[in-house]
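Hello,

Here is the structure we talked about. Please look it over first; my notes follow below.

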Amino acid sequence: MSDSDEARRSLAAVAALLAPAHEAVAARALHAHDDPAGYVRDHAAALEHRGIDEPLPDLAWIALVDALAKHRLLAELDWKEDSDEIRSQLRGLASQPSVDPWVLVGADDMLLPTHEFLEACGRHYRDVGAALAVLDIDSDCYPVVCLRATRMKELTALAARAGFTARGFGA
């Protein structure tokens, strides 16, 4: 199996892990992987806000991020986001845990800068069996997903095999 085939299979597996009920997520990421120029042409309007007008090496990962966000499975947070806004966006995820981790978040946590707040959130999510992970797109934002804590290692390994980076918060 070629490296490209392995990357494609791993990308599809990441999409299935994070969006099991939404085949369109994998389809969009695989379109960007298989036909980068066609993907840029077909999604020019959506890519414009990212300043993308030609294929990039991480286009399939960005396509995955955009598709997950479209299905409320990812929150794209600014590097200097307010903790109340982060909480609001994470609570709006369709993949949020059934047990509310926010009851564990103290007032002191709410005063932390963005990265430290996300690390604290990751610890609290883990306390209820969930995990927060960032799908790194080499930007000044945090594309954050929520999944079962038991699947975190699988996510990071699949992302690495696809040629991208996913890492958990609060480890």
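Leaving out residues up to four places away in sequence, Ser83 touches Met110 and Phe117. Contact here means heavy atoms within 4.5 Å. This is a predicted model, in which local features need pLDDT of at least 70, side-chain atom pairs count only at pLDDT 80 or more, and totals for chains, interfaces and linings use all residues. Residues are numbered from 1 along each chain as its sequence is written, and side-chain values use heavy atoms, with hydrogens and water left out.

Ser83 sits in helix H6. Helices (H or I, at least four residues) and strands (E, at least two) are DSSP runs, numbered from the N terminus. Ser83 counts as buried because its relative accessibility is 7%. The cut-offs are: buried under 20% relative accessible area, exposed over 50%, partly exposed in between (1.4 Å probe, protein chains only).

H6 covers residues 83-91, and its Ser83, Ile86 and Leu90 are buried. These residues lie on the same side of H6, because they cover an arc of only 55 degrees around the axis. The arc is taken from the directions that run from the helix axis to the C-beta atoms. In general, an α-helix has 3.6 residues a turn, so residues three or four places apart point the same way.

What covers the buried residues of H6? The cover includes strand S1 (75-78), helix H7 (114-127), strand S2 (130-136) and strand S3 (141-148).

**The sheet**

Four strands form an open sheet in the order S1-S3-S2-S4, with antiparallel pairing. Two strands pair if DSSP finds at least two bridges between them. S1 and strand S4 (165-168) are the edge strands, and each pairs on one side only. From one strand to the next, the twist averages 35 degrees. Axes are lines fitted to C-alpha atoms, for helices over the stretch in contact, and angles run from 0 to 180 degrees between N-to-C directions.

S2 and S4 are joined by four bridges in the antiparallel sense. Asp136 stands opposite Thr165 in S4. H7 packs on the sheet and touches S1, S2 and S3. The direction of H7 makes about 145 degrees with that of S2. Helix H8 (residues 152-162) also packs on the sheet, touching S2, S3 and S4. The direction of H8 makes about 160 degrees with that of S4.

**Asp42**

Asp42 is in helix H3 (residues 36-42). At 47% relative accessibility, Asp42 counts as partly exposed.

Best wishes
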